[in-house]
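Trainee: I'd like to learn how to read a model like this one, feature by feature. Can you walk me through it?

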Amino acid sequence: MAAFQPSLECENISNIHSDQTDSDLIQKTDERYRETLPNLPKGKGWMTEHLVQYQGFWLTPNAALKNLMWVQDHFKPRPTDIFLASFPKSGTTWLKALIFATVNRTRYGFADHPLLTTGPHDCFPFLDAHLQEKDRSRFDLDRFPSPRLLSIHIPYILLPNSMTDHQSCRFVYICRDPKDVLVSKWLFLNKLRPKEFPPISLEEAFELFCQGISHYGPFWDHVLGYWEASLETPEKILFLKYEDLKKEPLVVVKRLGDFLGYPFSLEEESKGVVEEIVKLCSFENLSTLEVNKVSVQKFSKDTIIDNQHFFRKGKVGDWKSYLTTEMVERLDEITYEKLLGSGLVFGS
């Protein structure tokens with residue numbers, strides 16, 4: 001199904017072209033990538049054959065690493081940009097819908113809202129997932145109207161200074177209990193693993209996760225990067241937990257509105273606008289929509305994902321159905337040690 005067209009926020013990134021990107025600069029980035037890749041440490045991949053370690057984080061070599069370098073070398077943020085940052089499988093899809101609906105609530109009615117016919121990933125595209133080499137000359141973020149809504153999995157310390165030093169653009173980061181992240185990631189990526197590769201067992205995925213070897217891992221370094229940055233610049237980075245969003249969605253949505261500069265008026269609250277947004281973006285609603293059951297997302301030439309895979313259960317604590325007592329104890333111990341002294345904690 002084609003991406004929703006009336007709002008350019010919803011235009012699929014892979015269908016837009018770039019006027020600003022200079023071919024010589026792109027060539028230099030490609031050269032940097034080709035020179036860097038052979039020298040990087042390798043680890044076993046969950047979906048691809050292997051991952052590579054770049055500046056402390058594990059990335060897929062042919063997509064995430066290449067796209068990260070493009071962002072580092074070429075991306076030009078605007079003061080009004082809104083970034084949703086997350087470690088994979090932390091509630092990204094749900095939060096995309098909530099932010100999109102909050103920011104655009106005066107533009108669309110709930111009866112014919114774009115999210116009813118367009119997946120959240122089309123409405124709120126990934127900055128770092130549509131930059132395959134043959135498409136870069138067509139990648140034009142200048143055509144996006146402000147505020148641009150862009151999603152990233154890039155660790156905070158790998159972002160270019162143009163993004164982290166900018167005082168006006170804002171980040172919303174969502175994290176989740178690592179035990180749920182591990183299980184969700186394992187189930188999700190096994191569905192995407194090429195048929196020529198055997199499935200990864202939960203035991204193997206657990207060991208890799210504990211070693212930090214997972215897409216954009218280590219998990220704890222990723223989370224701490226944004227957590228510490230949010231403490232230093234709380235006006236720039238809103239740090240959320242998936243568990244809090246599940247427990248009190250109305251409270252979190254109102255926080256989102258305030259933080260992003262779209263506060264809910266007393267009239268809106270009295271009319272139930274916040275409740276309508278939460279209902280529209282709920283797992284129960286989004287997962288039953290036709291667009292999220294039959295359509296696909298093309299993140300690269302090799303990565304095409306059925307939208308239905310982004311809607312599994314949306315539960316807190318589903319890890320209890322999969323992890324052994326020994327796994328839980330080890331993962332909790334690692335998490336305690338990694339986060340010790342940071343002020344960040346996850347519930348048991």
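**Reading the backbone, a helix and the buried residues**

Mentor: Let's start in the loop between α4 (120–123) and β5 (149–152), where Pro 147 is found. Keep in mind as we go that this is a predicted model.

Trainee: Is the peptide bond from Ser 146 to Pro 147 cis or trans?

Mentor: In general, most peptide bonds are trans. Here the bond from Ser 146 to Pro 147 is cis, with omega near 0°. Gly 217 and Pro 218 are also joined by a cis peptide bond, with omega about 10°. Pro 218 sits in the loop between α7 (202–210) and α8 (219–232).

Trainee: Let's do a helix. Which residues of α1 are buried?

Mentor: Start from the geometry: an α-helix has 3.6 residues a turn, so residues three or four places apart point the same way. Now take α1, residues 23–36: its 14 residues reach 20 Å from first C-alpha to last, close to the 20 Å expected at 1.5 Å a residue. Its buried residues are Ile 26, Thr 29, Asp 30 and Tyr 33. They cover an arc of only 100° around the axis, so they lie on the same side of α1. The face turned away from that buried side carries the exposed residues Lys 28 and Glu 35. As for the cover over the buried residues of α1, it includes α2 (64–74).

Trainee: Is Lys 96 buried or exposed?

Mentor: The cut-off for buried is under 20% relative accessible area. Lys 96, which lies in helix α3 (residues 92–103), comes out at 0% and therefore counts as buried. Its side chain makes a polar contact with the side chain of His 121, at 2.8 Å. Setting aside neighbours within four places in sequence, the contacts of Lys 96 include Leu 84, Phe 124, Phe 126 and Ser 151.

Trainee: How many disulfides does a search of the whole structure find?

Mentor: The idea is to look for pairs of cysteine sulfurs within 2.5 Å. The search finds 0 disulfides. Take Cys 281: the nearest cysteine sulfur, that of Cys 123, is 9.7 Å away. Cys 281 is buried, at 1% relative accessibility, and Cys 210 counts as buried too, at 11%.

Trainee: How far apart are Ser 282 and Leu 95, in sequence and in space?

Mentor: They are 187 residues apart in sequence, yet 10.0 Å apart in space, C-alpha to C-alpha. Ser 282 lies in the loop between α12 (273–280) and α13 (283–286), and its 15% relative accessibility makes it buried. For the chain as a whole, among contacts between residues at least 6 apart in sequence, 77% join residues at least 24 apart.

Trainee: And the overall picture: how many helices and strands are there?

Mentor: The chain has 15 helices and 9 strands. Of its 348 residues, 59% are buried.

Notes. Residues are numbered from 1 along each chain as its sequence is written. This is a predicted model: local features need pLDDT of at least 70, side-chain atom pairs count only at pLDDT 80 or more; totals for chains, interfaces and linings use all residues. Side-chain values use heavy atoms; hydrogens and water are left out. Helices (H or I, at least four residues) and strands (E, at least two) are DSSP runs, numbered from the N terminus. Buried means under 20% relative accessible area, exposed over 50%, partly exposed in between (1.4 Å probe, protein chains only). Contact means heavy atoms within 4.5 Å. The expected span of a helix is 1.5 Å times one less than its number of residues. The arc is that of the directions from the helix axis to the C-beta atoms. A polar contact is a pair of N or O atoms within 3.5 Å; within protein, one must be able to donate a hydrogen and the other to accept it, and residues adjacent in sequence count only if both atoms are side-chain atoms.
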